[in-house]
Amino acid sequence: MATVIIPTPLRKFAGNASKIAAEGSTVLEAIQHISAQYPDLHKQLFDDAGELRSFLRIYKGDTDIRTLDSSATSVSAETIISIVPAIAGGTL
Amino acid sequence: MSEITFSNAELARYSRHLIIPEFNIEGQRKLKAAKVLVVGTGGLGAPLLQYLTAAGVGTIGVLDFDVVDVSNLQRQVLFTVADVGKSKVQAAVERLQAQNPNVHFVQHNVRLTSDNALEIIAQYDLVADGTDNFPTRYLVNDACVLLGKPNVYASIFRFEGQASVFNYRDQTGELGPNYRDLFPEPPPAGLVPSCAEGGVIGVLPGILGSIQANEVIKVISGVGETLSGRLFLLDAATFETRTLRVVREASNPLTGTHPTQTSLIDYDQFCSVPSNEDAVYLQEITPLELASWRNLKVDFQLIDVREEHEYEIANLGGELIPLATVAANADRIALDKKVVVHCKGGKRSAEAIQLLEKQFGFRNLYNLKGGILAFADQVDATLAKY
């Protein structure tokens, strides 16, 4: 199973977990798998049309999946998937 | 660069730089010739300004519009108790000038806006962004791109930090990515919590601001490899670090294949910050009115949309429904009487009311103006302020 690293701002929607093991053979399947376990997290990650939200960056290892096969990028048991949100620090 | 000279006192001061073989007096000359603008004198700005001052950057612009507040002292280590209430820029420059009299400081006691950003940033070689909100992040980025200035970036949230170098042209002339390549658009207001809700561990801006200072020195001196094209991530809670690759995007409106943006825009609108016009329709109640409702035994419901740990610090006895769970708990909110909604300062409760009005048709909601902090100021001085 791939490992998804949950960034600080989203942890409260994922039972305060910092890492979650995810089933699936693509980035999208892995993220769908973890968001099925945490419905509140699902709302943060996917828009109403079911697409991954555009202000989040998703990385496979150190590479942005936009430069690979986007959400269809393949993952293996050793893959680390990072969700990187925009953070501004201080007040919004 | 050889026209830049140093007094013996300066040579003694900077000797630990001069004896680094690849840095030497040439690196120090570049620092002395450089003009750096530091935007924000807060948690990131404090170590950034102190290290750039100590390192001997020739001209440092210090920009902030705020005054020192007692809640800043937990992380903004430039300031002391005696500075509370003073202009941040003035307090910072007084301290920094004493630290290194050789540095020329320029005070910008203003808020950076689309009207003044180009004029101010044009006076500098590079910008270090230590701001605390999305509109200013995009403003600094866009102004730097339009003017061709490198933007040394760091950002923090709770235990998490990010750093990078944007819009940096390397020695071969290759232009690196900018903030819009990494984050084409900001999160919608309310979806990702702001730091005012989330807080930040005081040491974290110290770490990230120091990394920023190091990147500024590398950009100026040309020594080492900058974070251009890379995003550094630190989770200070677990001490896991990652460095991810950032690439230029063809769709970037400023530097993509078909640029569509050639000037600065309205960044509050871009980041969906509610304008005053939106707020006109919000029913409000002042802390004094709330106190009189209580005294007169008016039948109303009080809802607190802060987080549980905030409730523990201080509360008004309201029902706790954190903002993120308001929609799921809409059935707990009365329809048949007045309902006062409050948070710490009034922003989150306004968001909650807008959501409840829009999605569920509530018309009986009142926002407590200034939140529990204003209530503590105006009605109940025994409440803890945080």
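Strand 1 (residues 2–5) and strand 5 (residues 80–85) of chain A run parallel and are joined by 3 bridges. Here, strands (E, at least two residues) and helices (H or I, at least four) are DSSP runs, numbered from the N terminus, and two strands pair if DSSP finds at least two bridges between them. Everything below comes from a predicted model, in which local features need pLDDT of at least 70, side-chain atom pairs count only at pLDDT 80 or more, and totals for chains, interfaces and linings use all residues. Residues are numbered from 1 along each chain as its sequence is written, while chains are lettered from A and ligands numbered from 1 in the order in which they are written.

**Chain A: sheet and overall build**

- As background, strands of a sheet pair through backbone hydrogen bonds, either parallel or antiparallel.
- Chain A has 3 helices and 5 strands, and from the N terminus on its elements run β-α-β-α-α-β-β-β.
- The radius of gyration of chain A is 12 Å, close to the 12 Å that the globule rule gives for 92 residues, so chain A is as compact as a globular protein of that length. This radius is taken over C-alpha atoms, and the globule rule is 2.2 Å times the number of residues to the power 0.38.
- Along the principal axes, the C-alpha atoms of chain A fill a box of roughly 35 × 25 × 25 Å.
- Of the 92 residues in chain A, 40% are buried. A residue is buried if 20 or more other C-beta atoms lie within 10 Å of its own, exposed if 12 or fewer, and partly exposed in between, with C-beta atoms placed from the backbone.

**Chain B: overall build**

- Chain B contains 16 helices and 13 strands.
- Its radius of gyration is 24 Å, close to the 21 Å from the globule rule for 386 residues, so chain B is as compact as a globular protein of that length.
- The box filled by the C-alpha atoms of chain B is roughly 80 × 50 × 40 Å along the principal axes.
- Buried residues account for 43% of the 386 residues in chain B.

**Chain B: the sheet of 8 strands**

- An open sheet of chain B has 8 strands in the order 3-2-1-4-5-6-7-8, with mixed pairing.
- Strand 3 (104–108) and strand 8 of chain B are the edge strands, and each pairs on one side only.
- Strand 1 and strand 2 of chain B run parallel, joined by 5 bridges, with Val36(B) opposite Ile60(B) in strand 2.
- Strand 2 (residues 59–63) also pairs with strand 3 of chain B in the parallel sense, over 5 bridges; Thr59(B) has His104(B) as its bridge partner in strand 3.
- Strand 2 of chain B is mostly covered, since 4 of its 5 residues are buried.

**Chain B: a helix pair**

- Helix 4 (residues 45–55) and helix 10 (residues 203–221) of chain B have axes that come within 7 Å and cross at roughly 40°. Axes are lines fitted to C-alpha atoms, for helices over the stretch in contact, and angles run from 0 to 180 degrees between N-to-C directions.
- Residues making this contact include Leu48(B) and Tyr51(B) of helix 4 and Ala213(B) and Val216(B) of helix 10 of chain B. Two residues are in contact if their C-beta atoms, placed from the backbone, lie within 7 Å.
- By class, the residues of this contact are 9 nonpolar, 5 polar and no charged. Ala, Val, Leu, Ile, Met, Phe, Trp, Tyr, Cys and Pro count as nonpolar, Asp, Glu, Lys and Arg as charged, and the others, Gly among them, as polar.

**Where the chains meet**

- The contact between the chains takes 34 residues from chain B and 23 residues from chain A.
- Strand 8 of chain B gives the largest share of the chain B side, 4 residues.
- The side of chain B that touches chain A has 19 nonpolar, 8 polar and 7 charged residues.
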